[in-house]
Amino acid sequence: MDAIILQTLNGLDKGSAYALIALGLTLIFGTLGVVNFAHGALFMIGAFCAVTVQRILTLSVITLDPNKTDFLGNPAKIKTPYVEKFFGPEIGAGIIDWSVPLAILFAIPVMIAIGFLMERVLIRHFYHRPHADQILVTFGLAIVLQEVVKYFYGANPVPTPAPAAFAGAIDFGVLIGFDPNQIVYPYWRLIYFLFSIVVIGGVFSFLRFTTFGMVVRAGMADRETVGLLGININKRFTIMFGIAAAVAGLAGVMYAPINSPNFHMGMDFLVLSFVVVVVGGMGSLPGAVLAGFMLGILESYASLNEIKAIIPGIDQIIIYLVAIIILLTRPRGLLGRKGVMEE
Amino acid sequence: MSKSNLTRRGLLKTGAVAGAGLALPTIFDGATWAASHSGFTNAPQGKTVTLGFNVPQSGPYADEGADELRAYKLAVEHLNGQGDGGMLNTFSSKALDGTGILGKKVEFVTGDTQTKSDAARASAKSMIEKDGAIMITGGSSSGVAVAVQGLCQEAGVIFMAGLTHSNDTTGKDKKANGFRHFFDAYMSAAALAPVLANKYGKDRKFYMLTADYTWGWTQAASMKEFMEKEGWSMVADVKTPLASTDFSSYLAPVLSSGADVLILNHYGGNMVNSLTNAVQFGMRDKMVNGKQFEVVVPLISELMAKGAGANIKGILGSSNWNWKLQDEGTKAFVKSFGTKYGFPPSQAAQTCYVQTLLYADAAQRAGSFNPCAIVPALEGFKFDGLGNGPTLYRADDHQCFKDVLVVQGNETPENEYDLLNVAEVTPVEKVMYKPDNKFFAGGNLGQCNSGA
């Protein structure tokens with residue numbers, strides 16, 4: 001029982017990342033009709049926004065300490081971050097400690113700008129080209145972005161810790177009447193789940209309750225009619241591309257403390273996210289979210305030792321297995337609408 | 001009328017060769033001379049000799065590959081008499097004199113393994129066939145090392161393994177043309193087990209997560225063997241796919257499994273993530289079975305420690321070498337590497353540098369670049385002054401035997417490179433094994449291949 005609760009929590013956490021990335025993918029696909037293989041790279045860039053903010057906050061003045069020596073016997077270089085110089089060591093250290101949450105503020109404009117640029121400079125030229133061309137160009141873009149990040153940050157993962165207040169784990173089991181250590185779950189992963197709920201809720205409310213969102217939804221349903229009504233739908237779709245990039249970026253920022261960011265982390269999520277989108281139904285936003293959490297939880301259950309003892313290796317194939325079953329029984333995916341991706 | 005093939009010219013030639021052979025019996029015998037200047041793959045012509053450095057230049061291990069390449073370039077400089085000479089000054093063998101190898105200037109070509117066996121074989125093949133590399137060295141993965149070693153054996157060139165830690169490299173996959181200076185999974189376990197039992201007590205239950213490939217399996221099997229000898233008992237050994245990035249679903253059951261130690265048989269990015277995840281799950285500050293829960297990483301490298309950040313603090317593991325050692329060889333190497341690049345070298349850099357020197361020295365002593373002359377020069381070779389203390393290149397399996405370091409994540413690093421402390425130096429006798437040990441059985445060196 002405790003194992004199942006634990007893996008459910010875990011699945012919700014994994015599902016959060018899948019859902020956020022798949023949500024952005026679906027937003028782009030639903031509005032612009034583009035299959036964006038660079039979406040994983042946007043997630044990765046988000047994580048590196050956290051790294052960048054951490055780097056900026058720890059920019060340091062270097063002073064030489066004649067009393068200490070470095071490994072070559074020269075006077076040691078002592079680094080003091082500027083923020084500690086300006087705000088005093090305690091407040092300064094506190095600001096550095098909170099670099100990941102602060103990175104959210106940094107990431108939103110940066111990611112929207114990157115999304116905007118991507119759409120205006122490159123992707124809009126591919127709207128009327130076949131999906132295969134779109135996939136090739138966005139996949140190529142993903143590789144370019146990856147190598148650019150590698151050039152500046154190296155290939156090694158960069159540790160980006162969460163604030164000390166959220167380090168460690170909560171003994172969840174004790175709260176609901178289990179023995180200690182039965183259900184222990186990290187604080188930051190719980191926060192990640194809550195954060196994803198907020199972001200998903202935000203995107204849905206934005207589309208649901210604002211005029212802008214209403215126009216976008218109308219455009220997703222019938223682009224030509226909205227155009228005929230004199231509304232510049234392309235401009236709004238470009239903005240949606242920026243928002244989708246920001247969603248992927250935020251997912252990346254908050255993911256940075258979970259696993260140290262590296263330049264190829266986007267690719268690890270990309271394929272899974274496509275499976276999520278297909279299972280959820282191409283073009284369906286609720287489908288993407290539902291499928292994200294569902295596949296996350298299934299993947300976690302499949303890695304239970306008891307289940308792996310019956311079917312070895314099931315944890316590695318479960319997602320694809322489910323995808324095959326769903327596509328065979330419901331070719332449009334869980335919540336897919338008629339007419340999307342169909343002639 | 002019978003026709004004789006004997007001509008005046010032919011007679012003169014035969015006589016001259018025979019005369020030379022008789023006149024110089026102590027320097028050359030005809031066969032060796034011929035074999036050492038032709039009759040083997042990529043016999044160097046002209047005034048230079050080309051070495052092939054096959055390291056990951058792209059992909060997740062690119063930073064480690066970059067450090068290996070720095071070390072190789074430094075070794076080439078030192079062999080050619082540039083720079084301060086580094087470990088050539090402390091090396092017990094004095095055959096090398098800074099004039100290249102056998103009087104030929106050392107040049108090099110590089111290949112990108114991408115940490116993929118097929119890419120690594122392709123780049124090694126290209127360096128051998130197109131660039132005329134006489135020796136291939138490098139690697140940051142045992143899968144790659146085993147693949148490239150097999151290729152070099154077939155091609156008739158020497159393979160000097162870089163960072164590869166699987167028992168199989170000099171065990172069931174050993175080859176006559178391949179040599180490994182780096183230590184192996186068995187030695188890590190043999191060195192770590194007594195230290196772990198001493199620090200954490202005899203009555204412990206351990207849970208293992210193991211990367212699902214050749215290195216992971218041999219590391220897990222070795223750890224199990226040695227920990228059980230110390231009285232520990234294994235709760236589970238869970239294989240994790242090499243492509244895993246998030247280990248939470250494998251870690252979630254650990255705390256409630258009754259285990260009080262977690263052993264992570266992971267390397268590189270896998271290890272950075274699994275250790276980071278384990279610390280998130282509170283495994284560094286929980287009490288289980290009335291004991292402090294502990295995490296162990298059998299193989300720790302500097303780059304992994306850097307990637308794991310503060311999570312590495314206090315974690316025990318093993319290393320082949322550490323720049324903080326105080327022997328003369330290490331000091332000389334750290335000085336020349338640090339002066340050239342501005343930071344201390346990693347253990348991957350050290351093993352690559354040393355392997356290049358060992359190859360050059362063997363060629364110099366053998367008086368030939370012929371692989372079948374170099375193999376006997378390295379077999380049973382005893383040396384010192386290269387940073388690991390007295391070392392033996394064992395003839396039976398082409399594995400180096402030397403002291404093993406037990407390292408621990410530094411709790412109070414003074415700078416960004418000060419990540420690991422040497423907790424203990426386990427003497428070579430404690431990690432020595434017989435060539436037919438069960439973890440290494442099944443392989444056969446075979447015959448050296450010169451490509452002739």
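Author: What follows describes the pocket first and then the parts that surround it.

The model is predicted, so that local features are given only at pLDDT of at least 70 and side-chain atom pairs only at pLDDT 80 or more, whereas totals for chains, interfaces and linings use all residues. Residues are numbered from 1 along each chain as its sequence is written, chains are lettered from A and ligands numbered from 1 in the order in which they are written, and side-chain values use heavy atoms, with hydrogens and water left out.

The second largest pocket holds about 870 Å³ of space. Among its 37 lining residues, those closest to its centre are His264(A), Gly59(B), Pro60(B), Tyr61(B) and Thr115(B). A pocket here is an open set of points, on a 1 Å grid over the protein atoms alone, where a 1.4 Å probe fits and protein lies on both sides within 12 Å along at least five of seven lines, and lining residues have an atom within 4 Å of a point; the volume is the space filled by probe spheres set on the points, which are joined across faces, edges and corners.

Two or more lining residues come from each of H6 (131-153) and H12 of chain A, and from each of H3 (62-79), H5 (142-155), H9 (268-280) and H10 (302-308) of chain B; helices (H or I, at least four residues) and strands (E, at least two) are DSSP runs numbered from the N terminus. H9(B) gives the most, with 4 residues. By type, the lining divides into 14 nonpolar, 18 polar and 5 charged residues, where Ala, Val, Leu, Ile, Met, Phe, Trp, Tyr, Cys and Pro count as nonpolar, Asp, Glu, Lys and Arg as charged, and the others, Gly among them, as polar.

On the chain B side, the pocket lies between domain 1 (48-183 + 323-402) and domain 2 (186-319), because both give residues to its lining; these bounds come from an automatic or database domain assignment. The centres of the two domains of chain B, taken over C-alpha atoms, are 30 Å apart, and their contact (heavy atoms within 4.5 Å) takes 20 residues from domain 1 and 19 residues from domain 2.

Thr115(B), one of the residues closest to the pocket centre, sits in the loop between E2 and H4 of chain B, and has a positive phi of about 55 degrees although it is not a glycine. Gln114(B) is placed in the loop between E2 (105-112) and H4 (117-129) of chain B and likewise has a positive phi of about 55 degrees without being a glycine. Thr115(B) is partly exposed at a relative accessible area of 21%, and Gln114(B) is partly exposed at 31%; buried means under 20%, exposed over 50% and partly exposed in between, with a 1.4 Å probe and protein chains only.

From chain A, helix H12 (residues 265-280) has 16 residues and reaches 23 Å from its first C-alpha to its last, close to the 22 Å expected, the expected span being 1.5 Å times one less than the number of residues. H12(A) is mostly covered, with 12 of its 16 residues buried, including Met265(A), Gly266(A), Phe269(A) and Leu270(A). The buried residues of H12(A) pack against H1 (2-32), H2 (39-57), H11 (233-255), H13 (285-302) and H15 (314-329) of chain A. Just after H12(A), Gly281(A) takes a positive phi of about 110 degrees.
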